[in-house]
Amino acid sequence: MSHADQLEQNANEIQPSRSLTWWEIWQRLIVISGSYGPKLKRSMWLLIAAAVLQGGALACILPMFVAIFTIQDAQAVVQWLVVMTLLTLLSLVARWGSQGFDFRGDMAKNSHQLRTRLGEKLRVVPLESLKDKRAGEVNATLLGNVDENMAYTLTIANMLLNALLCPLIVAVCTLYYDWRLGMLLMLIFPTLIPLYRWLAPRFNSGISNYVDAHQQLNANVLEYTQGIQVMRSTGCAGEKAQRLQESLAYLEKVQTEGQEKGTKPNLLISSVFELGLLIVFGCGAYWVVQRETDLAVLAALLVVIVRYAEPLASFINYTKIIHLVEASLLRIEALLIVPELPQLPEQHPQRYDISFEQVDFSYQGSNQPNLIGFNLTIPARSMTALVGPSGAGKTTVTRLLMRYADPQKGGVKIGGVDIRAIPPETLNSLVSVVFQDVYLFDDTILANIRMARPEASDSEVQQAAKAANCHAFITRFPQGYLTHVGDIGSRLSGGERQRISIARAILKNAPILVLDEPTAALDTESEVAVQSAIDTLIKDKTVIVIAHRLSTVTSASNIVVVEDGRLVEQGIHNELIANPGRYCSMWQAQQRVKNWHLAENC
């Protein structure tokens, strides 16, 4: 399946089985608005009042025209002009009060609150639930979808209410002067809603595809930007960046189809409406000629028709924004309803030994178990090495310790306390991780180290940097600790990024440390510097090391061999190589490769 086909399939999966009604969209908007929901409701009621008052002001044209052309009563004209002015002023006051939700900053605060809520949600959901989402997609939800939900709500509501309620109020008032003209008008305006609901599914899917295409493009642009160096080195930049080009082509296709699907319904509704108004005017003209109605009433209705012909003809263009809000709302709700990690009654460990007890675990969507009946005890202040072939389950063990997800069976404990009972903030403070692939934020070196302990002083950060053997290279930069590291630390070498990561861990000073092959991709000089920093870091800590090069863990207190999700062997190095087993065969294989390289160099 090509990337373009995958994009289209993803879009189809996100679309709901039916379009939400306007009332359902409104109710859901109130829910996700949280504490700002009542203020949003108040603004909507004020908009409704403004539209009704404006319709009433416009309806004053009817008695005013009658007073001018029929009874020629100047006093009546002035009275109705005063009423019209008062209603217009009240309408402006109500509309101004409703827009205060924007002007006072409530809309911006509401958007901030929703983004914060989404951010907090990301902190408590199982990280494996996000493994199929790329950074750009989550970014599009947090930024674009939130803005599409909040920013347009009152603006589009104001347009729709004015287009529907104002002429409807005039139609009701027309009943007093000529019930036939009033009924004709009342038949035209309400028919817009069922006609719209009938046509909506024809272009609603196009809006959903449009939002999805933008989200996918956002992810691909972010991915392309972060990987531009690799793309250039492989000759896949520019027009040869197939994934990005397919996303751009898919967006163009969706936009073209959206225009085609939206144009026909818009033309149909515009034609029906304009034809209806022509019928009303034609009937009115006929009744005037037959002296069955007043010319002043017909003239007043002509003013109303001219005033609202364009807004009602553009009805579909307004409603497209509603479908954009709906599509964005569904994506926000999809993130908000992800089940959170369960929390047992709060407990805090007093010691830092670790135990895995009969753990069974499989990743979401996987039919193969990643850990099966896994039992392991790691004493406090010891070093335990996890070794085994790729895909054996070593990284899964450390992820379960950090609650990347919870096992389907069994449990993980720290100091005898189930980690599901340890508050997330406490658990995070207990474990430091030094990954093989270091992620640095596009900020200063000082900020990247200090994020491990935000309250740390500059002096404490520098002490950690010295302990991690990175103070020397930091001070060589013209701006020193205030040097920006670039996107994902792109301005630093692999060894420099790794040492800054270790400085983070030293500053955090957590009692449990996970080292995920931190020296695997480094040159000899960098490896020596990083290893020296690690030796400083691991003092008096419970350490878990994931290792592929067995020579780096020969001094470990316990070496655990993991294969096919099972613990197959454990012990110290000398014991394991003395007995024929999986570790012994791995050791011998690596020694043969090492000796072969030595012989080749000789």
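Biologist: I'm new here, so let's start with phenylalanine 473: is this residue buried or exposed?
Modeller: First, this is a predicted model, in which local features need pLDDT of at least 70, side-chain atom pairs count only at pLDDT 80 or more, and totals for chains, interfaces and linings use all residues. Residues are numbered from 1 along each chain as its sequence is written, and side-chain values use heavy atoms, leaving out hydrogens and water. Buried means under 20% relative accessible area, exposed over 50% and partly exposed in between, with a 1.4 Å probe and protein chains only. Phenylalanine 473 has 4% relative accessibility, so it counts as buried.

Biologist: How many aromatic pairs turn up in the whole structure?
Modeller: Rings of Phe, Tyr and Trp (its six-membered ring) pair if their centres lie within 6.5 Å; planes under 30 degrees apart are stacked, over 60 edge-to-face, and the rest tilted. Searching the whole structure gives six.

Biologist: What kind of pair do phenylalanine 356 and phenylalanine 374 make?
Modeller: Their ring centres are 5.8 Å apart and their planes sit at 85°, so this pair is edge-to-face. Phenylalanine 356 is in strand β1 (residues 354–361) and phenylalanine 374 in strand β2 (residues 371–378), so the pair ties together parts 18 residues apart in sequence. Both of these phenylalanines are buried. In short, the kind of pair is edge-to-face.

Biologist: Back to phenylalanine 473: how far apart are its ring centre and that of phenylalanine 477?
Modeller: The planes of these two rings are at 85°, so they make an edge-to-face pair. Phenylalanine 477, at 23% relative accessibility, counts as partly exposed. The ring centres of phenylalanine 473 and phenylalanine 477 are separated by 6.4 Å.

Biologist: Which residue's ring does the charged end of arginine 399 sit over?
Modeller: A charge sits over a ring if NZ of Lys or CZ of Arg is within 6 Å of the ring centre and within 35 degrees of the ring normal. For arginine 399, the distance to the centre is 4.7 Å. The ring in question is also linked by ring pairs into a cluster with Phe361 and Tyr363. It belongs to tyrosine 404.

Biologist: Why is helix α14 largely enclosed by the rest of the structure?
Modeller: Helix α14 covers residues 394–401, and its buried residues include Lys394, Val397 and Leu401. The helix is largely enclosed because its buried count, out of eight residues, is six.

Biologist: What is the phi of aspartate 564 near?
Modeller: Aspartate 564 is in the loop between β9 (558–563) and β10 (566–571). Its relative accessible area is 58%, so it is exposed. Phi here is positive in a residue other than glycine, near 50°.

Biologist: Last one: which residues is glutamine 99 in contact with, leaving aside neighbours within four places in sequence?
Modeller: Glutamine 99 lies in helix α5, and at 13% relative accessibility it counts as buried. Contact means heavy atoms within 4.5 Å. On that basis, the partners of glutamine 99 are Leu47, Leu154 and Asn158.

Conventions
Helices (H or I, at least four residues) and strands (E, at least two) are DSSP runs, numbered from the N terminus.
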